[in-house]
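The following report describes a protein structure, beginning with a local feature and then turning to the whole chain. The sequence and structure come first.

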Amino acid sequence: MADLKIEFSQKSEEPHIDYKLLLNASYSEIKETAEKLRPLLMPKPGVDYKLYLSFKPQLREGEELITYTQSACPECNSLLTAAVFKRDGKVWIRKVCPEHGEFEELYFGDAKVYERFRSFQRDGRGNTVTHVPLMALCPYNCGVCPRHKSNAALINIVLTNRCDLSCFYCFFYASRAGYVYEPTLEHIRYMLRQARLAEPVKPPAIQLTGGEPTLRDDLIDIIRMAKEEGFTHIQLNTNGIRLAFDPDLAVKVRKAGTNVVYLSFDGVSPLTNPKNHWEVPYALDNLRKAGLGAVLVPTVIRSYNLSEVGKIIQFGLRHNDIVRGVNFQPVSIVGRMPRKERDKERVTIPDVLKAIEEQTEGQIRVEDWYPVPSVVPISRFVEALTGKPQIAFTTHFACGAATYVWQDDGEIIPITRFVNVDEFLAFLDQKADELEKGRNKYIVMLELTWKLRKFVDLEKAPKRLRKGNKLLRILYEVFVKHDYESLGEFHYNTLFLGMMHFQDLYNHDVARVMRCDIHYIMPDGRQVPFCSFNVLSDLYRDRAQKAFSYSISDWEKISGKSIREMSYKRNIRKLIAGEPYRRHYQGIIDVDAIPYEQHVLASKKFGIPVIED
């Protein structure tokens, strides 16, 4: 590797290497190169950002301060003081950049939901192994650094920035970036090992993402490698196009060790989901045959598909034999956008929760949802009982929410209808306190066994959980006997509903970044929180990936493929004529009422060409 030189862009002074020289590099050579580049890729004060913390935004009449925090300027990435405050029953964030003026943005669409969620906030213990020293203020020191408050629960690894689609709200893809980022297998092994260095708890889950990861010919090798390196839960994040047309691929990724597929799914109609409306039924059928579950992942945009969140849940319940959950993601507004346009697209967690309540006719209510850190008492209790460190989901309370639902005789039943969640969590918290103070764990377990029935109203539970006191038995097996295989019974025919609102530069809050537990592992070995990686993308994601990238022409010569020719072309007539299409959408939408021309228009408007037989 003596001939591998670090070069610097004349315009940006950003470092990069000739990645084709690393094609056959060994693990140790990759590691050496990554460690040389790492300090050169860190954000530079005075160049990449400035500090303007003395400029404190002023409150106005009718506004109530919640807290001051720190945030980044949407124009120049500089660190600003921001005010989080209530007004008109909502929560807002305001900041002032002396160079670019004032920015105000909706932070949380309901102040009452905000306060309820805030009551569950817990801070984690941080990381004893960090990848970068403490040299700058958050969020310009991500790696993770000693200041970070949460352990990673899920690691994302980008396998490629190539994609067969070009969605307008996508974070990035190769043709837009102007280069191909696609690390070699040995480079991926290096990143996996860096991610597993975390202490006191190693992240158990990894998501293989992109771009479109199924475009990699060596995807099966990568899945096996992730298993070899200690990850016990593997998620494949995909648009499902290849899975729809290649049933063998679903079988192969399942056998290699994939646990679940995270499948893009923005709506049930062509207009709301022109990305993969026509292909999803075929992908789900192939996943059924492979025995591989799916989580539907809708990006929710106010003017686009907020009106279909209830039908998305209905679709998930209809196909609950293979759909394990729906994970809604309110849109992250990337790029420069005027306030008027942001108001048109912006939707926050409470907005989606209210829409779900309305569209399910009150079967799933706003109060049925809990913020991510609400489950910390479960981790505390298990850790105190076993003496083994556990993943604690100490994400910021405004980042996400979740609940579980069942369908019984056509009725949707959330877990809160038959489990007193608040009392149960408070009880586990109390018992964790007692165990930490030295109380006998066998006495605590006896108390838990005796009191479990107090928290469960079996008469209101789904029928399948009532029979033979199944629910109580499952809870006993999990919390008393630590038999986590029993969770499989609990999850059978359960639909997990999640909500994760990733930030953008307009609603950016450093307090959220510091508590993030969904991290990306970078090609230089840093472990970066999601909302630094994708929000300050020019300082983290783009800079690091460009440093370890091929030019498009180099990649095409090496691979023998064409970036342009990989773009997907859709045969709509063939897809809508297939039996799986009608079977999956019947009862959700009127498939016969949609003119063929409307199908074609939706696809073309989204940028996907339509071909005929």
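## Surface patch and overall form

Phe8 lies in strand β1, which covers residues 7-8; strands (E, at least two residues) and helices (H or I, at least four) are DSSP runs numbered from the N terminus. The model is predicted, so local features need pLDDT of at least 70 and side-chain atom pairs pLDDT 80 or more, whereas totals for chains, interfaces and linings use all residues. Residues are numbered from 1 along each chain as its sequence is written, and side-chain values use heavy atoms, without hydrogens and water.

Phe8 counts as partly exposed because its relative accessibility is 45%, whereas Cys516 is buried at 10%. Buried means under 20% relative accessible area, exposed over 50%, and partly exposed in between (1.4 Å probe, protein chains only). Together with Ile6 and Leu40, Phe8 makes a nonpolar surface patch of about 230 Å².

The protein has these overall values.

| Property | Value |
|---|---|
| Helices | 24 helices |
| Strands | 22 strands |
| Residues counted as buried | 59% of 613 residues |
| Box filled by C-alpha atoms, along the principal axes | roughly 70 × 65 × 55 Å |

The structure holds zero disulfides, a disulfide being a pair of cysteine sulfur atoms within 2.5 Å. The sulfur of Cys516 has its closest cysteine sulfur in Cys531, 6.0 Å away and therefore too far for a bond.

Conventions: Patch = residues over 30% accessible without salt bridge, like charges linked within 9 Å, V, L, I, M, F, W, Y side chains within 5 Å. Areas by Shrake-Rupley, 256 points an atom, 1.4 Å probe, with all protein chains shown as cover. Salt bridge = Lys/Arg side-chain N within 4 Å of Asp/Glu carboxyl O.
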